[in-house]
Amino acid sequence: MTPSIGGGVASALQLLWVLLAGPLALGLMRKVRSRLEGREGASVLQPLRDLRKLSTKQRTRPTDSTWVFAAAPVVLVASAVVAAAFSPLVTLSALLATRVDFVAILFVLLLGSVSLLLGALDTGTAFAGMGASRAAMVGAMVEPALLVAILAMSLGVGTSNLSRLVGVGVTTSTLAGPARILALVSFFIAILAETGRLPVDNPATHLELTMIHEAMVLEYAGPDLALVTLGESARLVLLLGLFANLALPWGIALGTGALALVGGLLAVSIKVGLVAVAVSVFEVTTAKIRLFRIPELLAGAFLLGVLSVISAVALR
Amino acid sequence: MNLEDVLSQRPARAHLDLEPRDLLDAARGLFEAGFHLGSVTACEDDDDLRVVYLFVDGPPDQRVEVHVRLDARNPEVPSLAAVSFPAGRFEREMADLFGVVALGHPQPRPLVTHQHWPAGWHPMRREAARAPFDLDAAPFPFNPVEGEGVYEIPVGPVHAGIIEPGHFRFWVVGETIIKMKARLWFTHKGVEKLFEGRDVGEALPLAERISGDSAIGHSLAFVLAAEDALGVAPSAHAMRERAILLELERLYNHVADLGALCNDTAFSLAQARAMTLRETLLRLNDRVTGHRLLRGALGLATTSLRDLPRRDELASIAERVNDVVALANANSIVMDRFRGTGVLARADAIDVGVLGVVARASGIARDARDAHPFVTTRAYSIVTEETGDVLARFRVREREIAVSLAMIDELLTGGEMVTLPRSARGTGTGIVEGWRGAITHRVEFDASERLTRVKVVDPSFVTWPALAVALANTIVPDFPLVNKSFNLSYAGNDL
């Protein structure tokens, strides 16, 4: 299939969607959390306002940092939007949909994580280094869990093409097999860890010594911080969107017609909204696990992935 | 009275004048007899310096003052650091603020003063003029820990959250803390000097502001000391109201700590509930005293309350505390974070000389409400836990809230006033179990009833060093939780 104009429009739409839906999802999650705790909470739009405020501030960077520090937020945002453009979020027929592999998308996202990690190390401060080392530890354990989960899902369908993986759920009823459910649970735990949510990391903490992700970005300020926040939130909705479409594929546009795209956009927004609310509800009731329990949690996710592979092979 | 009489007769109040050379033996005798060091105070008289060691024990309430006169030009005392760790801390403080040298001290380095303080300038001395501060005049480095893979993390004094300033230096391998040093006294403001020349009425607002969360603890310790020195006796009614205020202060702080401990494990639901309960308690404080932090209710021999807590209010508070605790208990991750974290062994706690919640969580049954009571109630019982971890400190607070509520309930109609014996005319001591632990004030007045010297000891001063001990084998991300479970005051320590 050659790149089409429709596919291009769809990809552009998805790209813009993650940039807008990211901050809104953050706002929604904070709002849900506040209400569950009995507080009023800030408006859902607050993260967008924060971005506007940050982007107008003066740019300050640590004196001894290099281009690595400056480039990291840009790479982070770029990796998120590139991954979003080619993923089945709004439609199954985005640009290059037939060629895009699940593993490729994850590794594009990983580029953002690694650049942020390098940016943190580039500052040479104790906190950023501490955050980077913890993030590397978590990352090293998230990747195997993610890969095994993908392998498990791929075995059932016979391909790791992302659009096919999502599409198979729309057209057939093979969706609810044990292999797929186990793989999705494993995938979800890995997403929580990768995006720095509870119980792995507390995005709301001000305790610098407990931070993982927040410690890494402690030196970013102003427009750089705006980019980091934007990139992180875009990544969050992209991963939640992939999860939502893999778990509940219905409503995703099959083609690139205007009506189909609008429908797909609504569908993915609602689904991601629901997943985000579910994550918030979960976060309110849980707590942050001890740092050295994170490997146990992620080993559990990995194990679920392995079980999923076994059941996929056994049930074939 | 001499030392032998004191040790055999155990009078409620005693005063000993000793030569410096007899100090160490006397201190040994008193420590062996079960006394603890309440405070060490240097006082400047017209022609010489005097160091006052306050030894306390109880129950029954006993206080022994040991006075040692020194040559003001060359003030030297033998160090007690070898027999008492807190004594070593007091001596370092005294060396910085008064220039009194503790001979044979194992750590003869500044404690209060930072590197930019002029050498040889002792701000509490009468002749101390305003000294020009030369920033970074002398470096004051940490003893580094060296070795393969040792990593140094400096934290503070400015923190990401809105808390008081303190600098913490960690040496870690991986995430395990090898050593931690706390450098405090960033908020040293010369509170003790500010007391000088004030009368009781002028001094009370200052005492209330020594540590904002212990307005009653410090002002009550001060006013008890002042009443002791001036020979004034409050009514039993006033004393009972003071006991109510002290427990109200414990309530709102302990409730806040229960929530904050949960919050440090990111369990913010319990924190949100605890904070709304704290707000209820602050409004109750406001109704009772006209101030949310209980300021302005105490006076010399008097207490002025606008209202009293109602019994049904106390019951509903108890219920809401139970809700918060039940939330925490039901969360296995929170319990896992608390259990076995930041253990302060009983032996270490005794060696460091810790006070209050921290001591009782390590199995030490010390409480000024028990040892130095000014009101007794049937509802009071001392609360101890054995494990010395974060969970034990959580449990001590949880159970003390229940005791406090029962005490307030009883104090509304009952409670027995204890008639406190007098110290020597013009001097007085006040010991009160604030919510952190025992707060000790020692005051001296001149003939016109103006203060010449106030020594303030917040329990934080003696308890801070134990934090580093409790961190052995703890991982860096658990430090905030351990620190919160101690919840020591910076303002009360730095003075």
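Start in chain B, with Ile153(B): its bridge partner in S8(B) is Phe170(B). S7(B) and S8(B) pair in the antiparallel sense over 6 bridges. To count as paired, two strands need at least two bridges found by DSSP. Strands here are DSSP runs of E, at least two residues; helices are runs of H or I, at least four residues; both are numbered from the N terminus.

A word on the source. This is a predicted model: local features need pLDDT of at least 70, side-chain atom pairs count only at pLDDT 80 or more, and totals for chains, interfaces and linings use all residues. Residues are numbered from 1 along each chain as its sequence is written, and chains are lettered from A and ligands numbered from 1 in the order in which they are written.

Back to the strands. S8(B), residues 167-173, also pairs with S9(B), antiparallel, over 7 bridges. Phe168(B) has Ala182(B) as its bridge partner in S9(B). For His167(B), the partner is Arg183(B). The hairpin of S8(B) and S9(B) has 2 residues between the strands, and Gly174(B) there takes a positive phi near 65°.

Put together, this is an open sheet of 3 strands, in the order S7-S8-S9. S7 (150-155) and S9 (176-183) of chain B are at the edges with a single partner strand each, so one side of each has no neighbour in the sheet.

Now helices. In chain B, H9 (residues 311-330) packs on H14 (residues 390-411) at about 175°, axes 10 Å apart. Axes are lines fitted to C-alpha atoms, for helices over the stretch in contact, and angles run from 0 to 180 degrees between N-to-C directions. So H9(B) is roughly antiparallel to H14(B); the cut-off for that is over 145 degrees. Among the residues making the contact are Leu314(B) of H9(B) and Ile401(B) of H14(B).

What about the two chains? 23 residues of chain A are in contact with 26 of chain B. Contact means C-beta atoms, placed from the backbone, within 7 Å. On chain A's side, H5 and H10 (258-285) each give two or more residues.

Last, the core. How many residues has the largest nonpolar core? It has 252. Such a core is a set of buried Ala, Val, Leu, Ile, Met, Phe, Trp, Tyr and Cys residues joined through C-beta atoms within 7 Å. Buried means 20 or more other C-beta atoms within 10 Å of a residue's own. Helix H5 of chain A, residues 126-157, gives the largest share, 16 residues.

Key
Buried ≥ 20, exposed ≤ 12 C-beta atoms within 10 Å, placed from the backbone. Parallel < 35°, antiparallel > 145°, perpendicular 65-115°, else oblique. Contact = placed C-beta atoms within 7 Å.
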